[in-house]
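Open the model in a viewer and keep the selection panel at hand.

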Amino acid sequence: MIPRNFVYFSPSSEKEALELLNEYKSDARILAGGMSLIPLMKMRLVSPSYLIDINKVESLSYIKEEKNRLRIGALTRYYEIEKSSTLKKLLPIMNEAATWVGDPQVRNMGTIGGSLSHADPSGDFGSVILALNGQIITSSLNGQRTIKADDFFVDSFTTALNANEMLKEIVIDLPEGMNGGAYVKLERKAGDFAIVAVAAQLSIDSKGNCNYAGIGLTSVGPTNLKAKKAESFLLGKQLNERTIDETAEIAASEARPIDDPLRGSAEYKRAMVKVLTKRALNLALKRARGV
Amino acid sequence: MAVTAIFGARVKRKEDPRLITGKGTYVADITPLGCLYVAFLRSPHAHARIKSINASKALSMKGVIAVYIGQDIKGKLNPVPTGWPIATDPPIKIPKYYPLPLDKVRFQGEPVAAVVAENYYIARDALDAIEVEYEPLPTVVNQEEAVKESAPLLYDDIPNNTSFVWELKGGDVDSAFKEADLIIEKRMVNHRLQPTPMESRAVVAQYNSATNELTMWITTQAPHIHRLLISGILNMPENKIRVIAPDVGGGFGSKIPTYGVDALVAFIAKELKRPVKFVEDRRENYLATAHGRDHIQYVQLAAKKDGRILGLKVTSYANLGAYLSTAAPGVPTYLFGLMLSGAYKIKAVNCKVYGVLTNTAPVDAYRGAGRPEATYLVERMVDILAQRLKMDPAELRKINFIKHDEFPYVVCTGIQYDSGNYERTLEKALQLVEYKKMRGEQAKARAEGKLIGIGISSYVEICGLGPSRAVRGTGFSLGLYESATVRVHPSGKVTVYTGTSPHGQGEETAFAQIVAEEFGISIDDVEVVHGDTAMIPWGMGTYGSRTVPVGGGAIAIAAKKIIEKAKKIAANMLEVKEEDLAFEKGRFYVKGAPSRGVSFQEVALASYQGEQLPAGMEPGLEATTFYDPENFTFPFGTHVCVVEIDKDTGQINILKYVAVDDCGRQINPMIVEGQVHGGIAQGLAQAIWEEAVYDNSGNLITATLQDYAMPTAMEIPSFITDSTVTPSPHNPLGVKGVGETGTIASTPALVNAVVDALSHMGIDHIDIPLKPERIWKLLKNR
Amino acid sequence: MEKNTPIKPVETQQKQLYHIKVNINGVDYEHDVEARLLLVHYIRDVVGLTGTHIGCDTSNCGACTVIFNGKSVKSCTMFAVQANGAKILTIEGLSKNGELHPIQRAFWENHALQCGYCTPGFIMQAYWLLKENPNPKEEEIRKGISGNLCRCTGYQNIVKAIMQAAKELRSK
């Protein structure tokens with residue numbers, strides 16, 4: 001478990017980092033928390049010739065509340081997300097999801113930008129960002145781009161990032177009115193990858209009709225999946241046991257799980273998508289109602 | 001100042017100060033000057049012919065010193081032996097397994113080449129530069145597949161990949177089955193596990209070519225055995241080798257065996273005349289260090305409808321892996337079959353075991369070594385019988401228990417249980433778990449559609465290995481006595497040299513407690529030395545829960561010899577007869593004139609001065625004992641587990657876990673509890689989370705700690721523990737050993753609880769591990 | 001020590017080395033290292049502090065846990081070059097003037113260790129945990145140590161020890 005050697009840079013500004021990325025492109029990798037990248041390097045599954053360590057670029061770490069949206073810098077650690085009072089107040093699904101990522105030491109280092117760029121279909125935050133209809137702001141010497149979360153995850157461990165581009169920020173429109181979210185995860189043991197996990201974010205009107213539904217699925221596809229059919233089914237409807245059950249059923253049908261000798265068969269995972277979607281929606285509803 | 005009542009006290013461990021400050025010395029911490037590093041290129045294939053190996057690129061890399069392959073050790077290293085060639089008819093077939101293969105690899109991870117370099121990073125890089133051409137062969141990983149005619153053959157001279165067929169016939173099983181009112185048949189899997197000590201294996205070897213002395217630091221549970229076996233593999237005199245086990249980070253059986261790489265590292269040190277170091281990474285530990293369990297068992301139980309169990313027939317297929325590891329043959333045979341009557345008066349047991357070779361890592365002892373496999377089988381069958389007869393499983397056990405006044409009890413397999421009181425631990429456990437209340441809650445829960453279950457496991461196990469005649473009769477290569485030297489120094493301080501080799505079990509403390517108690521001195525005045533063949537004449541190591549009963553027994557006897565001698569010296573010093581002396585709180589005094597006395601320390605000094613010794617007595621104050629126990633010891637107990645099952649996901653939530661264990665007298669109850677806790681955690685781990693998984697091509701899927709699901713503090717519940725004390729009548733201290741009981745008891749307790757939760761649905765058995773999907777599948781169709 | 005001490009690659013004939021300055025347990029160290037040198041190897045093999053251990057390949061076991069700029073991290077999943085300018089606390093730095101830290105003492109008194117191999121990692125994680133949450137409930141402790149694996153103790157005494165240490169630290 002020793003990586004191959006590489007050339008190491010520790011830029012102190014975003015510009016410096018981008019210049020390096022622009023020069024070395026796909027021969028380089030960005031090192032943020034390292035919790036996904038370094039294990040891969042140790043196993044020699046990934047051996048970048050150049051490592052651009054952005055941990056000293058403090059300008060990339062922030063949680064900013066603007067008028068009706070949140071902006072989270074790529075270098076924000078899971079520890080900070082878990083503890084953030086801003087997020088707890090405005091979007092507590094983030095704090096909850098953060099507690100499910102890895103373990104405490106991993107959360108001290110791991111970053112939201114790093115995870116999303118890594119695009120592991122078993123990664124937790126991909127599903128959360130999908131459920132929140134978040135936007136990824138990228139940065140390169142050519143400028144910035146905005147990519148919808150749904151367009152960001154292209155395939156397993158593959159994003160829409162260009163070779164000279166880095167994930168800079170995540171933007172999430174704040175939900176309005178009565179809203180609530182939940183992240184529910186089924187795992188073999190603490191710190192394991194999910195067997196299945198579901199992120200659900202709901203907004204309801206005063207009559208209890210759903211005016212926002214976001215559902216993200218973990219570990220049941222080549223990427224994190226947005227359960228769009230389930231979302232549109234629920235939109236506009238009364239939230240009750242029957243509609244939640246049916247939404248969960250649809251979400252399960254949208255899942256594309258594969259058999260895993262360790263974590264479960266596709267059949268089981270699909271069934272668990274239904275179970276967890278129900279649980280997540282029920283929790284989200286409870287929280288939206290303020291109970 | 002002398003302290004008494006040390007034996008039985010919750011004394012803080014003497015081991016801990018160095019360990020809690022990071023000042024322990026583990027093998028990986030040892031780096032002699034000029035040390036080179038070895039990395040092993042390991043076979044990616046589970047079964048393949050080696051067509052060619054080209055190491056020229058690696059050899060040309062800066063910092064690479066040498067590369068060794070099978071050709072380089074041919075004729076120089078002997079095969080890696082097994083230490084337990086069990087006696088079977090026809091005789092056991094032992095495959096020839098060399099530290100590096102010449103022509104064929106037989107399991108994924110088998111070392112194929114050794115690279116020696118200036119540092120570990122270069123050695124690792126050099127591995128990528130070695131080109132090996134393999135011709136993959138068909139593989140077989142499952143033991144039932146491997147015995148078939150059509151199966152690929154691992155060794156040309158071992159047909160059906162069957163190393164041995166072992167049988168045990170106890171009592172008259174045929175008439176038992178004839179008498180039966182019902183016969184229950186089950187196929188049970190006791191699946192493969194990866195022992196996972198937190199410290200992986202490591203070896204450092206240093207050779208002095210002028211004196212022909214080899215010094216090795218090894219993560220071993222038995223340094224003397226390692227020395228003996230390495231001397232055989234290397235063709236080097238045993239007394240020119242020194243093996244040291246410094247602090248060792250757990251073993252659980254996987255550090256008993258002598259591995260080929262251990263001898264290979266020594267060989268390289270001799271060849272290069274420089275110290276050489278090898279530290280396994282976790283992947284290597286998982287691929288090539290011994291695995292545990294892996295039995296497929298076919299059981300038949302014969303019973304009367306009043307609940308009496310009459311007999312048991314067991315056929316077991318034991319997966320031994322790709323070669324016979326040091327203790328491997330005896331684990332699924334003797335250590336398994338002898339215990340198949342469990343805590344019960346079962347009059348007849350027949351057991352047949354096939355020892356099968358497959359393209360997987362070698363299988364050897366793993367915490368419990370054969371007894372968990374036996375106890376799981378028996379306790380599951382008892383519960384199945386209870387379900388069949390619609391009897392309370394606690395009542396059924398009481399009906400069949402060997403009663404407390406029937407000990408010592410010879411069971412039908414021929415062994416004699418030394419002492420026991422099974423009813424008492426059952427009673428206590430049921431009390432602690434609030435059994436009646438739990439049954440009430442279960443009924444309530446059922447009515448609400450919830451799934452709550454209660455599982456009982458009443459075990460007895462065989463440990464304190466062991467009486468030499470008995471073990472030699474099984475084919476074990478050596479006796480299983482233990483040695484102790486207790487040396488009192490002129491200053492009155494004491495050093496204890498034990499042939500056991502603790503690696504976490506706390507005997508530096510427990511043994512000091514024995515001696516401090518016996519001599520009436522402070523525990524701070526007693527040092528316990530272990531793990532160095534240069535300091536300890538001979539020892540059989542630590543495993544099989546033998547350290548305290550056998551190792552401690554030897555120390556107790558040696559200590560008594562010293563007090564006997566000391567008393568004679570004291571009598572001479574005080575000019576009285578021995579009978580006129582009493583010994584209390586570290587002081588010999590004249591009965592009736594207590595102010596006339598001498599301290600233990602004064603006697604010690606006198607023994608080294610000489611002029612006050614009785615005529616004909618040798619100076620000095622030390623004693624060496626080789627204690628050969630007259631029997632094994634038989635700790636026992638009852639564990640009760642209460643679970644709730646999530647109907648939607650199949651997940652298991654452990655609501656309560658109670659353990660009542662009896663290991664005879666307890667030297668240090670705090671250490672006893674710790675052993676029970678750790679044992680339970682491993683047994684629960686087997687029941688629910690852990691599973692060594694090979695695919696059909698022999699790829700180990702669980703080769704990392706990300707994949708192998710060893711539980712964390714969030715999965716393992718808290719335990720309610722208690723104990724009873726039923727001393728062992730034959731042991732000098734009355735102690736039995738407790739290192740493995742937790743593991744033995746807990747797997748069936750948990751599984752019995754889960755099955756109990758589902759019994760009203762007609763489910764009577766589920767194979768382990770109880771992954772949520774397995775339970776979910778069963779629930780889905782009901 | 002400056003936070004943003006810039007790191008300079010040192011050209012040598014053979015391979016690229018990087019000059020790092022790291023403060024460990026209050027002592028400043030300076031070395032030229034390969035970029036790929038893992039922090040845990042730097043601590044153990046270059047600096048010589050072998051109390052931090054390696055138990056796995058995949059960042060699961062936590063035996064390598066150290067405090068890095070105030071946070072508990074797994075030193076096997078970091079490069080030494082990342083530690084340039086950092087302040088690290090290892091198990092060897094925990095006791096002051098020969099006096100055990102309350103966490104160390106609590107582990108000793110509660111038999112929270114057996115073979116001792118995982119122990120430094122647990123103690124350092126507990127150190128961070130109790131700074132974060134000086135009054136944890138049992139479930140919070142169990143979650144707080146879920147990144148550390150122990151094969152010997154079954155965790156119960158470790159939890160007890162951390163509870164005791166928490167109490168003692170609060171009373172200071």
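**Stop 1: chain B as a whole**

Select chain B: 61% of its 782 residues are buried, meaning that 20 or more other C-beta atoms, placed from the backbone, lie within 10 Å of the residue's own. This is a predicted model, in which local features need pLDDT of at least 70 and side-chain atom pairs count only at pLDDT 80 or more, while totals for chains, interfaces and linings use all residues. Residues are numbered from 1 along each chain as its sequence is written, and chains are lettered from A and ligands numbered from 1 in the order in which they are written.

The C-alpha trace of chain B spans about 85 × 75 × 50 Å along its principal axes.

**Stop 2: a sheet in chain B**

Select 581-584 and 593-599 of chain B, the edge strands E22 and E24, each of which pairs on one side only. The open sheet has 3 strands in the order E22-E23-E24, with antiparallel pairing; two strands pair if DSSP finds at least two bridges between them. Phe588(B) stands opposite Val598(B) in E24(B).

Now show helix H17 (547-574) of chain B, which packs on the sheet, touches E22, E23 and E24, and makes about 125° with the direction of E22(B). Helix H18 (600-609) of chain B also packs there, touching E23 and E24, at about 50° to E24(B). Axes are lines fitted to C-alpha atoms, for helices over the stretch in contact, and angles run from 0 to 180 degrees between N-to-C directions.

**Stop 3: chain A against chain C**

How many residues of chain A are in contact with chain C? The count is 26 residues of chain A with 26 of chain C, where contact means C-beta atoms, placed from the backbone, within 7 Å. On the chain A side, H6(A) gives the largest share, 5 residues.

**Stop 4: the domains of chain C**

Select 9-93 and 102-171 of chain C, which are domain 1 and domain 2; the bounds come from an automatic or database domain assignment. Their C-alpha centres lie 24 Å apart.

Technical notes
Buried ≥ 20, exposed ≤ 12 C-beta atoms within 10 Å, placed from the backbone. Contact = placed C-beta atoms within 7 Å. Helix = DSSP H or I, 4+ residues; strand = E, 2+ residues; numbered from the N terminus.
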